[in-house]
Amino acid sequence: MEDPIEITERRRKLAAQTVQVALVIAFLGAMLGVVMGVWFDRVSLPESRIITLSAIVTGCMMALLFARPSLATNVVSGLMSVYLVFHINAGAIYAFAQSQQIVLIIPYVIWFFLLVIFHDYTNFGFYRRTIGILVGLGPLPICIYVLTHSTDPDAIAVLDVIVTFLFSYLAYVLIIGMFTRNRDEETSLAATLKEAERSADLLRISDERFQLIGLATNDLVWDADLRSGKTWWNEALKEFLGPDQAAAAADLWAWKNWIHPKDRDRVAKSLEDAIRGSDKTWTSEYRVVSTDQQTYDVVTRSLILRDAAGVAIRWIGSATDVTELKNLENKLRQSQKMEAVGQLSGGIAHDFNNLLTIIVGNAETLSELTANDPRMNKLAKVTLQAAERGAALTRRLLSFARRQSLEPQRVDPGKLLSELDGLIRRTIAEDIEISITADADVSPIEVDPVQLENVILNLIINARDAMPTGGLLTLEASNATPEVNEMLRADGGEADHYVTITVSDTGCGMPTDIVEHAFEPFFTTKEVGKGSGLGLSMVWGFVQQSAGFAQIQSAPGAGTSVRLHFPAANGRIEPATTPVSNHTGTQGHERVLVVEDEALVRQHVVAQLKVFGYQVTEAASALQAYEIIKNDPDIDLLLTDMVMPGGMNGKQLADAALQIRPDLKVLFTTGYTEDAIFQERQSNPRVHLLQKPYRRGELARMTSQALDE
């Protein structure tokens with residue numbers, strides 16, 4: 001079916017053209033009448049006035065049409081119809097008045113038939129009904145004038161002609177009017193049907209688009225009628241709740257039953273306030289519980305549509321699952337917190353180790369000097385023991401801060417666990433059952449075996465304390481499942497395969513809020529004096545430093561399981577070998593340059609080395625030491641602290657010094673191990689490191705060993 005709008009536009013264009021042609025004909029006819037009247041001198045003064053008026057009127061309408069072509073089918077056509085009614089009447093009345101012959105008015109009144117068609121065809125709305133009545137009654141003035149001014153003795157004949165004409169004309173007007181109305185009604189109906197069809201197509205496309213959007217997203221999407229309480233949900237709801245429960249969700253407030261009980265009242269009140277108020281949007285974040293009792297974090301964004309009175313009538317929105325995003329945020333936040341605490345712990349441990357170096361050295365000296373005084377000797381030994389406990393504490397801090405010195409080796413996890421069996425049985429009570437298992441094909445790992453043993457023993461002690469009345473302690477070593485490998489790679493792991501060492505107990509377990517803080521240093525649930533809170537933090541730091549991951553799974557009454565994931569070994573790392581010293585005693589004679597920014601530590605080391613017989617030069621900074629090395633070629637050993645202020649650390653000093661003196665021996669000492677030294681020690685066994693705090697014997701041995709390289 002042809003578009004009614006196109007039909008109307010085509011009619012309007014044809015009507016405009018008709019008006020233009022009519023104006024041209026009328027104007028040319030008027031001009032021709034004037035010319036012919038003047039030429040033949042047959043036009044009277046009134047006739048000339050009528051003809052001149054016609055030329056003026058049609059000329060003005062032509063000018064208006066030229067200026068505003070859009071007025072052709074309303075203003076211009078309407079004015080022309082009105083003008084023609086008066087023009088035809090004036091001409092006919094004048095012709096009859098001059099001749100008293102009714103036949104002379106026929107050429108005039110015939111134009112009324114054409115005028116009816118002209119008006120109905122060209123006028124699209126400019127006082128159409130009013131002008132139509134004027135056109136329909138147009139011949140009446142002529143008829144009335146003829147009847148009242150006729151001198152024909154046979155008046156009945158005149159009346160008969162006029163009545164016949166009026167009847168024919170009125171019938172013609174009615175027929176044309178009926179045709180015009182029917183045509184307009186059909187066109188309007190067709191336009192309405194066409195518009196309805198177009199609207200239905202648009203609605204169908206919009207509905208299809210809406211349905212496809214609902215299918216394409218994993219979000220829950222809804223459209224709720226707040227007056228009826230009926231709600232539409234997309235297909236994602238069926239996957240979330242299942243088909244049976246999703247059918248019940250047609251009720252507007254059924255969604256409240258999915259909200260976590262702890263969030264339900266808060267969220268419901270917030271929405272009710274938004275609907276009763278004047279808000280146009282509503283956003284909320286809360287937890288929902290699925291049919292399988294899984295808890296998800298969602299963010300809801302919605303629109304509230306209102307009527308003219310401001311009453312909410314419709315609620316449209318979506319709920320996005322942000323559980324994974326929040327987990328990632330929590331992991332990032334926890335990682336940043338652990339990193340910050342690790343840096344703080346490492347700095348504290350470094351300063352403590354400087355102080356403990358002095359305390360340990362002086363306690364050893366006092367112990368030797370008071371060998372013949374039991375009371376004083378005991379005090380010296382107690383001081384030494386306290387210092388060693390402090391050193392153990394700082395080692396745990398360094399382990400958490402991932403700044404301890406490691407000696408990685410290729411380790412068989414199953415063999416390591418089996419070798420710990422005897423030690424474990426001596427550590428735990430007899431009412432605790434032990435199960436140690438390892439997969440036959442478990443891959444080797446590259447870790448420091450001594451530190452790994454300490455980590456496992458720490459976990460065993462925690463498990464023992466969690467089972468005061470006995471239970472089951474399980475140690476397992478296995479290759480990680482593909483799902484775990486994928487999860488660890490998603491968390492930033494670089495290895496393709498991991499090995500998992502699991503320590504589990506059947507003890508009291510821990511709630512979630514405690515598990516979240518379990519790896520933090522100094523966090524403990526034990527009584528005061530029964531735990532330092534560094535056991536699990538040391539575990540976390542060691543595993544992280546070994547490029548692995550640590551996880552805790554626990555619940556009250558369900559026990560605890562700690563899983564340590566280490567990268568599977570791809571190559572072989574030989575154990576570091578300790579070079580054999582050629583020195584037979586602790587006495588030396590070489591020149592040693594001691595570089596230490598802490599004055600007390602520097603004085604202590606210098607004093608000890610002099611006791612050993614070495615010639616000692618000291619420097620308080622790396623820059624000062626560098627100048628000494630440049631000007632003194634007799635320096636045999638550079639003993640330098642790693643961390644120093646002034647823009648140059650110990651590693652940079654050693655690199656610069658070796659450029660001048662390739663034969664210079666270097667011994668590093670530090671309160672914690674820098675990554676650069678740690679990596680260099682793995683690839684170069686000649687790199688020597690003396691970890692603070694150290695005893696006099698360790699200082700003597702490492703100095704002698706470095707000089708013998």
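Is Phe113 buried, partly exposed or exposed, and what is its relative accessible area? In this predicted model, Phe113 comes out as partly exposed, with a relative accessible area of 22%.

Phe113 is a handy place to start on the aromatic side chains. A search of the whole structure turns up nine aromatic pairs. In one of them, the ring centres of Phe113 and Phe165 sit 6.2 Å apart with the planes at 75°, so this pair is edge-to-face. Phe113 belongs to helix α4 (residues 106-122) and Phe165 to helix α7 (residues 155-216), so the contact ties together parts that are 52 residues apart in sequence. Phe165 itself is buried, at 18% relative accessible area. Phe113 also pairs with Tyr169, again edge-to-face, with 5.4 Å from centre to centre and 85° between the planes. This pair, too, links distant parts of the chain: Phe113 is in helix α4 and Tyr169 in helix α7, 56 residues away. Tyr169 is buried, with a relative accessible area of 1%. Taken together, ring pairs join Phe112, Phe113, Phe165, Tyr169 and Tyr172 into a cluster.

Now for the charged side chains. The structure holds 13 salt bridges, and one of them joins Arg314 to Asp223, with the closest N and O atoms 2.6 Å apart. Arg314 lies in strand β5 (residues 312-321) and Asp223 in strand β1 (residues 220-225), so this bridge ties together parts 91 residues apart in sequence. On the Arg314 side the residue is partly exposed, at 36% relative accessible area, while Asp223 is buried at 17%.

Another bridge pairs Asp263 with Arg287, where the closest N and O atoms are 3.0 Å apart. Here helix α10 (residues 261-276) supplies Asp263 and strand β3 (residues 281-289) supplies Arg287, so the pair ties together parts 24 residues apart in sequence. Asp263 is buried, with a relative accessible area of 9%, whereas Arg287 counts as partly exposed at 27%. Elsewhere, the side chains of Asp225 and Arg227 meet in a salt bridge at 3.8 Å, N to O. Asp225 is partly exposed, with 27% relative accessible area, and Arg227 is exposed, with 65%.

Finally, a look at one helix. Helix α3 (residues 72-99) has 28 residues and reaches 38 Å from its first C-alpha to its last, close to the expected 40 Å. Just after α3, Gln100 takes a positive phi of about 55°.

Technical notes:
Residues numbered from 1 in each chain as written. Predicted model: local features only at pLDDT ≥ 70, side-chain atom pairs only at ≥ 80, totals over all residues. Heavy atoms only, no water. Salt bridge = Lys/Arg side-chain N within 4 Å of Asp/Glu carboxyl O. Helix = DSSP H or I, 4+ residues; strand = E, 2+ residues; numbered from the N terminus. Buried < 20%, exposed > 50% of the residue type's maximum accessible area, 1.4 Å probe, protein only. Expected span 1.5 Å × (residues − 1). Phe/Tyr/Trp six-rings, centres within 6.5 Å; stacked < 30°, edge-to-face > 60°.
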